[in-house]
Amino acid sequence: MDTASPNTLRCAIWEILQSRDHSAIVAAVELTRNLPPPGDVSDELTAQCIFDAGFAIEFFGEDATAIELYRRVLLYPVLDTKYIASAWFRIGVCTCRQGNLAEAIKCYRESLRLASGLQHLTALACFYLAGLLEAAEDYEEAAQLYERLLPMLPHPDINPHKGHFGYARCSWRTGRQDIAVKELTAIAREPEEPLSVEAWRLLAEIAEARKDYAAAEQAYRQIIISSYAEVSLRAAAAYRLAEASARSRNKD
């Protein structure tokens, strides 16, 4: 093998990566050290090769090594931002697994910024970033990201119900009750969907906030009969059902 030829070396690395054997992947990672360093000329192929090595080693749970490779990808000048945007996204995934959520948020933002025209990646970055922002109680921006995501569904790597549920939940938290009810009702009406019980739970919460105790009763009854509801949730629903029924009678 002529290791002096970047093309030959890249092809050799790609061939090794096909094996899916851990020791072979480690060897391929080491070979990437011999690839040309970043220069002044666009080098998409080298960026792609290093990215592929990172993705392969990430499969084996070696996030630190994967991050190191992905960060090397970021250094290469490119005309097509596909692998740069993808590298930012994968760094986000790895750092999130490591518990560094602030860094993950930064990475997903960078991925979105560079993923223009890359709908598959844009959808993933929207979904992952929205989930982290929602967890951080930044419901307004999370709702905007979910709303941006919805037209890109269905997506092979995203459960569409989770996207709609996240949008509904953030809409409810930001005062858009009608949107939340519409989205949640659509999910709740699919009894075979595990998220249906959570949709009924939020519908009950919204109904009680609106003092619509009849709607709350219906939601709690659906939770009680749902096969996806845990015992503790059913018990809580039964208690709330009794409360809602009493309030409904008093209202009448």
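Biologist: Happy to look at this with you! Which element gives the largest share of the lining of the second largest pocket?

Modeller: Bear in mind that this is a predicted model. The second largest pocket holds about 180 Å³ of space, and Phe51, Phe55, Lys82, Ser86, Phe89, Arg90, Leu118, His120, Leu121 and Leu124 line it. The elements that give two or more residues to this lining are H3, H5 and helix H7 (119-135). The largest share, 4 residues, comes from H5.

Biologist: Nice. How many charged residues does the lining of that second largest pocket have?

Modeller: Lys82 and Arg90 are among the residues of this lining. By class, the lining of the second largest pocket has 6 nonpolar and 2 polar residues, and the charged ones number 2.

Biologist: Let's turn to H3. Which helices do the buried residues of H3 pack against?

Modeller: Helix H3 covers residues 44-58 and reaches 21 Å from its first C-alpha to its last, close to the 21 Å expected. Its buried residues include Cys49, Ile50, Phe51, Ala53 and Ile57. Phe51 also lines the second largest pocket. The partners that the buried residues of H3 pack against are helix H1 (6-17), helix H2 (22-31), helix H4 (63-73) and helix H5 (82-97).

Biologist: And which element gives the most to the lining of the largest pocket?

Modeller: The largest pocket has a volume of about 200 Å³. Helix H10 (177-188), helix H11 (196-209) and helix H12 (213-225) are the elements that give two or more residues to its lining. Trp200, Leu203 and Ile206 are among the lining residues. With 4 residues, the element that gives the most is H11.

Biologist: How many nonpolar residues are in that lining of the largest pocket?

Modeller: The lining residues include Val181, Arg189, Arg210, Asp212 and Gln218. By class there are 2 polar and 3 charged residues, and the nonpolar count is 7.

Biologist: One more: is Glu137 buried or exposed?

Modeller: Glu137 sits in the loop between H7 and H8, and its phi is near 65°, a positive value in a residue other than glycine. Lys211, in the loop between H11 and H12, has a positive phi too, near 60°. The relative accessible area of Glu137 is 58%, and the cut-off for exposed is over 50%, so Glu137 is exposed.

Note on methods: Residues are numbered from 1 along each chain as its sequence is written. This is a predicted model: local features need pLDDT of at least 70, side-chain atom pairs count only at pLDDT 80 or more; totals for chains, interfaces and linings use all residues. Side-chain values use heavy atoms; hydrogens and water are left out. The expected span of a helix is 1.5 Å times one less than its number of residues. Buried means under 20% relative accessible area, exposed over 50%, partly exposed in between (1.4 Å probe, protein chains only). Contact means heavy atoms within 4.5 Å. On a 1 Å grid over the protein atoms alone, a cavity is a set of points where a 1.4 Å probe fits but cannot get out, and a pocket is an open set with protein on both sides within 12 Å along at least five of seven lines; lining residues have an atom within 4 Å of a point. Grid points are joined across faces, edges and corners, and a volume is the space filled by probe spheres set on the points. Ala, Val, Leu, Ile, Met, Phe, Trp, Tyr, Cys and Pro count as nonpolar, Asp, Glu, Lys and Arg as charged, and the others, Gly among them, as polar.
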